[in-house]
Amino acid sequence: MKGTLSHVISLGLFCLGLWLLLSGFFDNTFLLSLGVLSCILVTWVAWRVEAIDPEEHPPHLQLGPQILLYWPWLLKQVVLSNIDVTRRILDPKLPISPTLIQLKPSQHSDLGRVIYANSITLTPGTVTASLSGDSLMVHALTRSGAEDLQKGDMDRWVTVLERETS
Amino acid sequence: MTWLIDGLSGLALLGGMFFMIVGGIGMLRLPDFYTRLHAAGIIDTLGAGLILLGLMLQAGWTLISVKLLLILLFLWFTSPTATHALVRAALSDPENPQPLLYEETPPSKP
């Protein structure tokens, strides 16, 4: 499926912004025009090979503004679970209890499920082993980590992120 | 102010090193492939994160910090996907050892 004009424009602007940030040239006209040219070239090639579609480059935000609250919350979870796993690794008794559990994610879009699965994996102590249809297999280092997931705090957070319109 | 920034940056770098070493110890101590992935997760998240934070504090409000932030973002977006691919590949072959699971009786070995 070919992207519409707005996808093309948004990809081009995104490339241009990234080029400016990474190059750091703001006042050299020659280099700036080369940058603009290369962005146009990349966008044209992406359009020719039909790599621009709504899924790969959403011009409208598919996520609600709650993501700005979700990231700090996720960061806190990552830090807390890092400390927990660190304590268990350094404990001479190695108090681990590896567990495999099945979860039923409540998100209805692919993007929401991917965010949920990635968040689980990003948190040390829990790793998403498979995501198929509407079930999620998680390997957890400890039983308490698995039980925390089953309580579903993270699941609810990610579901709130999804917009009804997407 | 510089001493404060330098101190915070040094703390972040030391913390990052600490978590990287703990991750390494974990990879040696934990019993099987699947549990070792959790130790690798420490290196990916807090280890790399704190070291990049320390470097960002050194760089200040410059484009270098923006690049370091981009590295951090890409790392945090891609490493879960890589870990997920590893687990899936390991589980897909029935010849591979299955994950060690905690039985109802607590493990007695030290």
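I began with helix length: the expected span of a helix is 1.5 Å times one less than its number of residues. Helices here are DSSP runs of H or I with at least four residues, strands are runs of E with at least two, and both are numbered from the N terminus.

**Ground rules.** I am working on a predicted model, where local features need pLDDT of at least 70, side-chain atom pairs count only at pLDDT 80 or more, and totals for chains, interfaces and linings use all residues. Residues are numbered from 1 along each chain as its sequence is written, and chains are lettered from A and ligands numbered from 1 in the order in which they are written.

**Helix α3(A).** I checked residues 67–90 of chain A. This helix has 24 residues and reaches 34 Å from first C-alpha to last, close to the 34 Å expected at 1.5 Å a residue. Next I looked up burial. I call a residue buried if 20 or more other C-beta atoms lie within 10 Å of its own, exposed if 12 or fewer, and partly exposed in between, with C-beta atoms placed from the backbone. The buried residues of α3(A) include L74(A), V78(A), V85(A) and I89(A). R88(A) is also buried. What covers them? The cover includes α4 of chain A, together with α1 and α2 of chain B.

**Chain B against chain A.** I counted contacts, meaning C-beta atoms, placed from the backbone, within 7 Å. 30 residues of chain B are in contact with 30 residues of chain A. On the chain B side, α1 (2–29), α2 (33–59) and α3 (63–92) each supply at least two residues. The largest share, eleven residues, comes from α3(B). I sorted that side of chain B into 19 nonpolar, eight polar and three charged residues. Here Ala, Val, Leu, Ile, Met, Phe, Trp, Tyr, Cys and Pro count as nonpolar, Asp, Glu, Lys and Arg as charged, and the others, Gly among them, as polar.

**Strands β2(A) and β3(A).** Five of the seven residues of β2(A) are buried, so this strand is largely enclosed by the rest of the structure. I found six bridges joining β2(A) to β3(A), which run antiparallel; pairing needs at least two bridges in DSSP. T128(A) stands opposite V138(A). The two strands form a hairpin with two residues between them, and G133(A) in the turn has a positive phi of about 60 degrees.

**Helix α5(A).** In residues 143–151, G145(A), A146(A), D148(A) and L149(A) are buried. They cover an arc of only 155 degrees, taken from the directions from the helix axis to the C-beta atoms, which puts them on the same side of α5(A). On the other side, S144(A), E147(A) and K151(A) are exposed. Just after the helix, G152(A) takes a positive phi of about 85 degrees.

How values were computed: Two residues are in contact if their C-beta atoms, placed from the backbone, lie within 7 Å.
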